[in-house]
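Here's a quick briefing to read with the model open beside you.

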Amino acid sequence: MTATDLAGASTPFTSTATAGEPPSAARLLRPFAGSFAAVVVLQVIGAVAGLAPLLAVAELGRTLLSPGPVDRGHVWFVVLAGVAGLLVRLLFTAASAGIGHLVDDQVQLSLRRALAARLGRVPIGWLARRRTGELAKVVGDDVSAVHPFIAHAPSELVAAFVVPLVSLVYLFTVDWRLTLITLIPVVLAVALVPLMMTPARLREQEEFDAAMGRIANSVVEFVQGIAVVKAFGGAGRAHRRFRTATEDFARVFFRWVRGLSVIAAGMQLALSPPFVLLVVLIGGTVLITGGGLAPADLLPFLLLGLGLTAPVAALGHGFDDLQAARRAVGRIREVLAVPSLPEPSQPVTPRGHRVELRDVRFAYEPGHEVLRGIDLVLEPGTVTALVGPSGSGKSTVVRLLPRFFDPTHGSVTLGGVDLREIGSRELYRRVSFVFQDTVLLRAPVTDNIALAAPGAGLGDVVRAARLANVHERILALPRGYESVIGEDAVLSGGEAQRIALARAVLADAPILVLDEATAFADPQTEQAVRRTLTTLNSERTILVIAHRLETIADADTVVMLEHGKVAERGSPAELLAGNGRFASFWQSHGGGEPR
Ligand SMILES: Nc1ncnc2c1ncn2[C@@H]1O[C@H](COP(=O)(O)OP(=O)(O)OP(=O)(O)O)[C@@H](O)[C@H]1O
C-alpha cells in the first residue's frame, strides 16, 4: 500500500464511507449490479442449455424403447437439439466464468482501495486500539472471502435451482407419482439444512474467524518485535505464543469441522447416486409391476433424478462459504463505517501562524485526564521547547496539533481559528512533523523526502537533505538518492531521523513540530536538529519536545510540563539560572551546561 493509496484512492465505495453509517452490503455492491446480472444470466442460460443433451437422451430412450413405429424427424430433431444445447452450454459457461473472474477482480480491487482510503482517514486513536494482524486480515483474507458471495455463489445457486426445475417439469409430464418418489432423497437432505444454521454452529464459525485473527496478530507482533524479543532471550516465549495461537486455531477448527462433518455425512448419504437410483428403481418397479408406468418411462427418471439433488448439494457446499463471506462483509463494513475526524462543512482559512492552546484538557480514557488545563502560545518565528518528566503529556500536546485527537475541553487555534474549523488538508499543509518513531516507506530516498512535496525537484530534495545533515550519507548509498530504503539500503535510527527531518523541512509548512529522539542522539543528528532550528526559526513557528540542553538553549521559550499542567515557563537562561521546577528537574536528570 503506498502513501497515495492511503491518502485517498478514488473508488466506487469511497462515497459510501460516511461517518458512522455502515454501508449496507447491497450499497457496497451496487456499482457491480450490471456485471452480476450478466454473470447470472449467462450462467443460467449455460446451465439450462446443458440440460438439453440429458433431456435429449431421455427423450430418445423413451422414443426408441416405446412400442410402435419410430418418427425419424422427431429423432433427428431431438439429437440436433441435444448437440446445440451442448454447444450453447460450453459457450455461455466459458463466457460467464470469464466475466465472473473479471468482476471478482474488480470487486476485490475496489474493496481494498476503499479500505485503504478509509484507513487513511480514520482517527489515529482508533487505529492505535486495533491490532495490526486483524486489520491485515480484513484487507487480505476477508476481501478474498467475499468473492464467492459476490460473483459465483448467487449465479451458481440460481443455476442449481433452474436446471432441476426444468427437469422437474419434464418429469411431471412423464409421471407425477414417480416424480414425487424421486424427490424423497431431496426432502431428506433439506431436513438437515437447518442444522447448519444453529446458533451454536454460527458461534463456532465466529470463533474460527477470531482464532484466525489471533494467528495473524501473533505473527505480526513476533515479526515487528523480533529484535526486542531476541535481545531479551524471549524468542522461545514469542514462539510459544505463536504456537498457542496455532493450537488454539486447530482446536476451534476441529470443533467446527466435527460438527460440519456429521451433517455433511448425512447429506452425502441422502444425496449419493446409489441411494437416489435405489429410490427411483424401487418406486419405478412398484409402479411398473402395478401396470401404472411404461418401462421406457423409467429412463428419464434414472437420467434426470440425480440432477434434482443439485440445489441441496449446492446449498450444502456453498453454505459455509456464504456464511464466511457474510461475516467477512460484516467486518469490512465495520472498517468502512469508522467515522473520520469530523471535517468542517465550511472550512475557515487561518489568519497567520500563531498557535494557541487555551485551557486544554484531554483524556484518552474517560476519567483519566492526561492534560489538565494547558495554556500555551507558539508565536511565529520562535522556537518553543517542551520539557518535562516522562508521562507528563508532552507527546499528547503534540498529537493535538495534527488533530490526531481533539481536546476534551478547551481549544487549539491556528491563526485565530479553531483547528476543528480548518479543513484537514489545509491543516496538514501548514504543519509538518518529525515524530520519534520514524516511518520510512519502502521507496526511493527521494520519494521519502519529497513525501509531502511531490512536486519538488531533486535540487530541493538535496537542499533539505543538506540542512538535515544526511546528504553525504545518501550519496554513499548504492544508488544515491534513488536507493530504495529497506531494499538497497538499511538506515540507522539516527539516519532515518535525519531523513524524516529533511522531509519535514521540504514540506515547507510554516509550523514545524519536532519530537526530539533521545534514542538516536548521535552527534550528526544533534547537529541536524540544531541547524534546522537555527536556520528555520526566523521563518517558522517551531515546537520541539526537547531532551537535550543544546536544544533547550536554542529555544526562545521553554515550557515545562508536570502531570499534564504547565509547571514553569520562561527563557532558557532564566529557567536555568533560577531555582524553579525546571532547574531542579534538570539537575535531577544529570543536566549540565550546553556544549
Ligand atoms: N494512546 C494512549 N492511550 C491511553 N493513554 C495514553 C496514550 N498515549 C499516552 N497515554 C498516557 O498519557 C500520559 C501522557 O503520555 P505522553 O506520551 O503524552 O507523555 P510524554 O510526556 O510525552 O512522555 P515521554 O517523555 O515518556 O514520551 C501517559 O500517562 C501515558 O500513559
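What follows walks through the sheet, the helices on it, the ligand shell, the cores and a few loop residues. Keep in mind that this is a predicted model. Next, look for the ligand, whose shell gets its biggest share from H15, with three residues. Then there's the largest nonpolar core, with 67 residues.

- At the S6 end, S6 and S7 run parallel and share four bridges, with Val434 paired to Leu514 of S7.
- Leu514 turns up again on the way to S8, where it stands opposite Val544; S7 and S8 (541–545) are parallel and joined by five bridges.
- S3 (383–387) and S9 (557–562) are parallel too, with four bridges between them, and Val387 has Met560 as its bridge partner in S9.
- The pairing of S9 with S10 is antiparallel, over five bridges, and here Val559 sits opposite Arg569.

**S7, covered on both faces**

- How many of the five residues of S7 are buried? Five of five, so the strand is mostly covered by the buried cut-off of 20 or more other C-beta atoms within 10 Å.
- In a regular strand, side chains alternate between the two faces of the sheet.
- For S7, one side carries Ile511, Val513 and Asp515 and the other Leu512 and Leu514, all of them buried.

**Around the ligand**

- The residues surrounding the ligand include Ala128, Tyr364, Glu365 and Val370, along with Gly388 and the run from Ser390 through Gly391, Ser392, Gly393, Lys394 and Ser395 to Thr396.
- Two elements give two or more residues to this shell: strand S1 (355–365) and helix H15 (394–400).
- Sorted by class, the shell has seven polar, three nonpolar and two charged residues.

**Nonpolar cores**

- In soluble globular proteins, nonpolar side chains tend to be buried together.
- Which members of the 67-residue core touch the most other members? They are Ala385, Leu386, Ile449, Ala502, Val513, Val544 and Val558.
- H20 gives the most to this core, nine residues.
- Another core, of 28 residues, lies apart from the largest one and has Leu42, Leu51, Ala114 and Ile332 among its members.

**Positive phi values**

- Most residues other than glycine have a negative phi.
- Arg403 has a positive phi of about 60° though it isn't a glycine; look for Arg403 in the loop between H15 and S4 (409–414).
- Is Arg403 buried or exposed? Arg403 counts as buried, because it has 21 C-beta neighbours inside 10 Å.
- His563 also has a positive phi, near 50°, and belongs to the loop between S9 and S10.
- That loop is the turn of a hairpin, with two residues between S9 and S10.
- With 14 other C-beta atoms within 10 Å, His563 is partly exposed.

- Leu419 is in the loop between S5 (417–418) and H16 (424–430).
- Leu419 has 22 other C-beta atoms within 10 Å, so it's buried.
- Not counting residues up to four places away in sequence, Leu419 touches Arg403, Val412, Leu414 and Leu427.
- What separates the C-alpha atoms of Leu419 and Asp406? The distance is 8.7 Å, for two residues 13 apart along the chain.

Note on methods. Residues numbered from 1 in each chain as written. Predicted model: local features only at pLDDT ≥ 70, side-chain atom pairs only at ≥ 80, totals over all residues. Pairing = 2+ DSSP bridges. Near = placed C-beta within 6 Å. Nonpolar A, V, L, I, M, F, W, Y, C, P; charged D, E, K, R; others polar. Core = buried A, V, L, I, M, F, W, Y, C linked by C-beta atoms within 7 Å. Buried ≥ 20, exposed ≤ 12 C-beta atoms within 10 Å, placed from the backbone. Contact = placed C-beta atoms within 7 Å.
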